[in-house]
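Student: Please take a close look at a single strand and one of its residues. I would like to know what lies around them.

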Amino acid sequence: TYKVDGDFRSNSVTVKPAAILRGGGLVGDVTVEPGGVVKVDARYTGVLGGVLGMNSVNFQSSGAVLGLDFYGPDPTGGNDELYVNNGVTLGNVDLSAGFLYPPHEGDVVTLITKTPAGAVSGMMGGFPEGSVQMIGDIPVIVSYLGGDGNDVTLTVTNLPLGGGEAD
């Protein structure tokens with residue numbers, strides 16, 4: 001496990017099979033080999049959610065994992081995400097994610113913020129653009145065109161009706 005909580009933008013990282021890159025800091029170019037894991041952590045004690053920043057990220061072919069937790073619009077944090085200053089290649093990465101709050105219809109969760117213009121390359125395994133997928137028991141719509149047009153987002157949709165019985 002390689003934990004990043006500082007500024008290491010000048011260092012490139014290769015995440016080998018069975019290795020984990022985790023933290024809430026900044027790194028250079030990141031290559032994730034099949035079987036490698038990238039997991040975002042809170043950067044500060046008492047804050048939910050974190051941001052792992054990097055120059056670029058290349059999830060190579062199937063088998064790599066991106067681990068994120070979603071805390072919602074919480075005053076002590078928010079959702080985990082990657083913040084990428086250049087290219088994003090998803091290479092069919094597996095998403096390991098969970099809602100740790102009761103989401104509302106229309107909530108948008110940003111998984112990856114890509115700052116420069118240009119499309120995200122590839123997709124998450126089994127998550128084509130515009131498809132409805134399940135994160136646990138929460139239905140979401142996947143987009144690789146979210147945010148300013150090139151961020152990876154999930155939008156909560158079609159939540160089951162809650163409430164009591166009819167009188």
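Tutor: Strand β4 (residues 20–23) runs parallel to β6, and four bridges join the two. Strands here are DSSP runs (E, at least two residues), numbered from the N terminus, and two strands pair if DSSP finds at least two bridges between them. Opposite L21 is V38 of β6, and G23 has V40 in β6 as its bridge partner. β6 also pairs in the parallel sense with strand β8 (residues 65–70), over three bridges; here V38 stands opposite L66.

This is a predicted model, in which local features need pLDDT of at least 70 and side-chain atom pairs count only at pLDDT 80 or more, while totals for chains, interfaces and linings use all residues. Residues are numbered from 1 along each chain as its sequence is written, and side-chain values use heavy atoms, with hydrogens and water left out.

The open sheet has five strands in the order β1-β4-β6-β8-β11, with parallel pairing. Its edge strands, β1 (2–4) and β11 (94–99), each pair on one side only.

Within β6 (residues 37–40) lies K39. K39 counts as buried because its relative accessibility is 18%; buried means under 20% relative accessible area (1.4 Å probe, protein chains only). Leaving aside residues up to four places away in sequence, K39 touches L21, R22, G23, G67, L68, D69 and D80, where contact means heavy atoms within 4.5 Å. With D69 there is also a polar contact, side chain to side chain, at 3.1 Å. Such a contact is a pair of N or O atoms within 3.5 Å; within protein, one must be able to donate a hydrogen and the other to accept it, and residues adjacent in sequence count only if both atoms are side-chain atoms.

Terms used:
Buried means under 20% relative accessible area, exposed over 50%, partly exposed in between (1.4 Å probe, protein chains only).
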